[in-house]
Amino acid sequence: MKPNPKYQAYIDRLKKIADLGFAEAVLSWDQQTYLPKNGSQFRGQQMATLKTLAHEYFVDPKFGTLLKELAEEASLTEDQRINVKLTLKDYTRKQKYPQSFVEEQATVCAQAFGAWQEARGKNRFDTYRPFLEKIVDLKKRETQLVGYERHPYEALMEDYEPGLTVKKVDEVFAGIRSNLFPFFKELSKKPKPRHDFLTRQFPKDKQWAFSERSIGQIGYDFNAGRADFAPHPFCTTFGPGDTRITIRYNEHHFSQMFFAAVHEAGHALYEQGIPLAQEYGTPIGQAVSLAFHESQSRFWENNIARSQAYWKGNFGALKHEFPQNFADVTTDEFYRGINIVEPSFIRVEADELSYHAHIYIRYLVEKTLIEGQIKVEDLPAFWNDRYEEYLGIRPKTDAEGCLQDVHWSYGAFGYFPTYSLGSFYAAQLFAKMKSSFENLDKDIETGNFAPVLQWLRENVHKYGRKYNSSELLKRATGEELNVEHFMNYAKKKYGGVYGL
Ligand code: ZN
């Protein structure tokens, strides 16, 4: 059947926008991996030009007219209608930002990022404060520009997790606060499992040899991607057939490369499962949301690669790679050593459980700042009080407190909740998989990951943005987000690790 000519024009436009976006991703990846020092001066400008072009193609009023006409077309297929509906939604949202606001935000954030770096280095919140005040002011104005029905913070979360409500996040965290927080506090009072073997000498090449085999085993396709070293691990897609990850190493800590590599490979497996080629540039050819993306990385990192079954099957191979480091270590000791729970100050170093207290605190900070209940000057005290209340520790400096995250300096408000939701979605998917598979633990232990990946492909990946995240979760698991699944997983696993 010949495609509708208007739909074809729509596809042609999205292809150009996608071309520009993927080209920008290549420049950005290069900037973070191989770009020589002297090349950095013009790289930012080149990336900004591609970004601006893509934006102009998208917000062009002629494109808007086409979208509105297409939305009335009766001859489109179901998928075509969904694509048009979602693009029109994105278009309408982007139209709400006046050019002057976009430029002001870019300028303020560029300055704030530099100020944040300096403030964190010198442990001086007061030098960063005026910049953060400007950003909070911008974010408050943004909630007015884009509008909201219930709570202004929802206008900001919409960018990262469409449809997510404050009511839902509050409800989820109420459960986490009353069940998870006391649980990890109880665990942290127990004797800490042995973990001395994790900080022995691990040559970089051997770490990568083991990590490379492991991510290949879970299904990462090296013919459709590659891995390179970078200061921060991330995953990026340049188009169909090219989803890359970056890794980093610490020769004195086993966990830093391996678990980050599996995490990023989890993101990549999702990208490799989206119909990128068939749906090039369209919403169905994109990931549904940040929280779902994070659910895929955490599923493989935590539910799979930090499980007992996984190491029953893989500890032998690890021992073979590092015979001296693990000569005196049993499989069970290793498994317990990689699952230690201990409240700490720094979010990115937090364990699987206390991590969610870090996120909850950031969510409270953002929400109350946007509501106007606290001012930026109150932030350090607000932060420290919450750490004391929820984690039982009080930061001694702002560098190990409210200055640690980069997010606010580039205006990302509403992002943090997606990290926790990612773990909660992952636990729910994992529970569903456990009940649908004959013996999931055996599959994990024997390295039979093809059915696991196939399940994710069929129930999550292949839909792209076709369903929103709550619909997608419901279709995949039969119910809406239910944090009980995470609690059951946490209690069973960590009860075992700590011998409760
Ligand atoms: Zn991630």
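**Cores, zinc and cysteines**

Start with the largest nonpolar core, 133 residues, where F254, W300, W311, F334 and L353 touch the most other members. By nonpolar core I mean buried Ala, Val, Leu, Ile, Met, Phe, Trp, Tyr and Cys residues joined through side-chain atoms within 4.5 Å. Buried is under 20% relative accessible area, exposed over 50%, partly exposed in between, with a 1.4 Å probe and protein chains only. Domain 1 (5-147) and domain 2 (166-497) both contribute residues, so this core lies between them. Those bounds come from an automatic or database domain assignment. A second, separate core has 18 residues, among them Y7 and I17.

A caveat: this is a predicted model, where local features need pLDDT of at least 70, side-chain atom pairs count only at pLDDT 80 or more, and totals for chains, interfaces and linings use all residues. Numbering runs from 1 along each chain as its sequence is written, and side-chain values use heavy atoms, without hydrogens or water.

Now the metal. Which protein donors hold the zinc ion? H263 (NE2), H267 (NE2) and E294 (OE), at 2.1 to 2.4 Å. Donors here are N, O and S atoms within 2.8 Å of the metal (3.2 Å for Na, K and Ca); water is not among the atoms, so sites may look incomplete. The spacing is H-x3-H-x26-E. H263 sits in helix α10 (residues 254-273) and E294 in helix α11 (residues 290-304), so the pair ties together parts 31 residues apart in sequence. Helices are DSSP runs of H or I, at least four residues, numbered from the N terminus. H263 is buried at 11%, and E294 is buried at 9%.

Last, cysteines. With a disulfide taken as two cysteine sulfur atoms within 2.5 Å, the count is zero. For C402, the nearest cysteine sulfur is that of C109, 18 Å away.

Conventions: Helices (H or I, at least four residues) and strands (E, at least two) are DSSP runs, numbered from the N terminus.
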